[in-house]
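Morning, everyone. Please look at the structure on the screen, and I will walk you through a few of its features.

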Amino acid sequence: MIDLFLKNSYGISDKIIELAKIADQKSQSAYSKAEEICNYNSLKVLKSFSDHCVSEAHLGMTTGYGYDDVGRDTLDRIYADVFGGEDAIVRHNIVNGTMAIASCLYGVLRPGDTLVAATGKPYDTLEEVIGIRGESSGSLKDFGVKFRQVDMINSRVDFEGLRQALDSTVKAVIIQRSKGYDWRDTYSVNQIGEIISFVKEINSNIICIVDNCYGEFVEEKEPCSVGADLIVGSLIKNPGGGLAQSGGYIVGTKKAVELVSYRLTCPGIGRECGASLGNNRTMYQGFFMAPHVVCNAVKAGIFCSAMFEELGYQVNPASNCARADIITSVKFNSKEKLIEFCKGIQAGSPIDSYVTPAPWDMPGYENKVIMAAGAFVQGSSIEISADGPLRPPYIAYFQGGLTFETAKLAIMIAAENVLKIS
Ligand SMILES: *Cc1c(COP(=O)(O)O)cnc(C)c1O
């Protein structure tokens, strides 16, 4: 029945239907692993809700200064518990992941300090924050913060280079968990732990910040439990569960989170102000749903890898590899195929399925980017989405999928599109 529906309603060919079955068959054990992790993480979140006696009162709202917002303050505690930190700040008015990360950097670094990137080139949007691209005024560089980047060797941290970079001026090290727009492996939480231990052995005062975007709930633990001082992410990615309408979180040690809070609002105020304006309900429900939604996204990623492996493309990670984030990269070596892939994902999205995505100059990015984004929440990438900068080797970065079933269809449409021009 499904085959006929796919054929009649979406014009999926017999070949793609056949390949999808093969992809599914060979991914069974990878799917099961993802479901096991989801099972554990779901219970962990439920237990935390129960420990904190979450009730209807927490889902309400404050206005104005937002003093004593019990919902907001309790959600901070829940994030801290679940992600293994001492403290947390979770706010709807952190506008994106970049702002959350920037708040951490500005929060802990002072003039004369050095920031070191242990995992090579920082995420595109952080370049202007650090001051290594463009003329943006108010960058860390403007404030006298120095920056050093330790390039990776064969997609692994260059520990010798890192040792040399860690002189006495280094106050913080940033580690990016996810591959971002790079063709490398994502770091597992244990690998991040090795980097942190290495840094702390050289100087235990160095603050280790992990850009945790796309990694939340993909494994059974988060980087706080392997020594990270701060972990940061966006609520329109994994931990928002597809329901949070905007926001970001910061989890970490009490001391580091406090410093960040003074940057996020201002010194003396910190986290004591900030009205939730009715966002608590979706932030709570989203966090409750997040392990399950992330599992759907992980399974969609596995299916995507398996499907494009069958079609003969290089993918990362392979369908049978353990995952540490929700991103799947497909290397097309062709601008046209990258664009066709994104068009297919758009066509299989619940919102704006009739729209044709086109490359554009996105703020904060160096190259033109094509983006398939048919989401309930604008730009949300825990929802099904695909993007890629228009530069060789023309890699599509696929992520998200609120439901595995619908994500599979979108991937099949994308595969059909690519097959057609092969
Ligand atoms: C998404 C993301 C960010 C932040 O991007 P925003 O679009 O500002 O939310 C930073 N680092 C990584 C690795 C990301 O995936």
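Let's start with aromatic pairs. There are 19 of them. To count, rings of Phe, Tyr and Trp (its six-membered ring) need centres within 6.5 Å; planes under 30 degrees apart are stacked, over 60 edge-to-face, and the rest tilted. Take F83 and F287. Their ring centres are 5.7 Å apart and their planes stand at 75 degrees, so this pair is edge-to-face. The pair also links distant parts of the chain. F83 belongs to helix 4 (residues 70-83), F287 to helix 10 (residues 280-310), and 204 residues separate them. Helices (H or I, at least four residues) and strands (E, at least two) are DSSP runs, numbered from the N terminus.

A word on the model. It is predicted, so local features need pLDDT of at least 70 and side-chain atom pairs pLDDT 80 or more, while totals for chains, interfaces and linings use all residues. Residues are numbered from 1 along each chain as its sequence is written, and side-chain values use heavy atoms, without hydrogens and water.

Now the ligand. Which residues are around it? They are N96, G97, T98, I101, Y123, Q176, D211, C213, Y214 and K237. Being near means having a heavy atom within 4 Å. Helix 5 (residues 97-108) gives the largest share of this shell, 3 residues. By type, the shell has 4 nonpolar, 4 polar and 2 charged residues. Here Ala, Val, Leu, Ile, Met, Phe, Trp, Tyr, Cys and Pro count as nonpolar, Asp, Glu, Lys and Arg as charged, and the others, Gly among them, as polar.

Next, polar contacts, meaning N or O atoms within 3.5 Å of each other. The side chain of D211 has an N or O atom 2.6 Å from a ligand nitrogen. K237 places a polar side-chain atom 2.9 Å from a ligand oxygen. For N96, the distance from a side-chain N or O atom to a ligand oxygen is 3.4 Å. Alone, the ligand exposes 380 Å², and the protein buries 90% of that. Those areas come from the Shrake-Rupley method with a 1.4 Å probe.

Last, the backbone. Most residues other than glycine have a negative phi, and most peptide bonds are trans. Where are the exceptions? The bond from N316 to P317 is cis, with omega near -5 degrees. P317 sits in the loop between strand 8 (314-316) and strand 9 (328-331). From P392 to P393 the bond is also cis, with omega near 5 degrees. P393 lies in the loop between strand 11 (385-389) and strand 12 (395-399). Y394 is in the loop between strand 11 and strand 12 too, and its phi is positive, near 55 degrees.

Key: A polar contact is a pair of N or O atoms within 3.5 Å; within protein, one must be able to donate a hydrogen and the other to accept it, and residues adjacent in sequence count only if both atoms are side-chain atoms.
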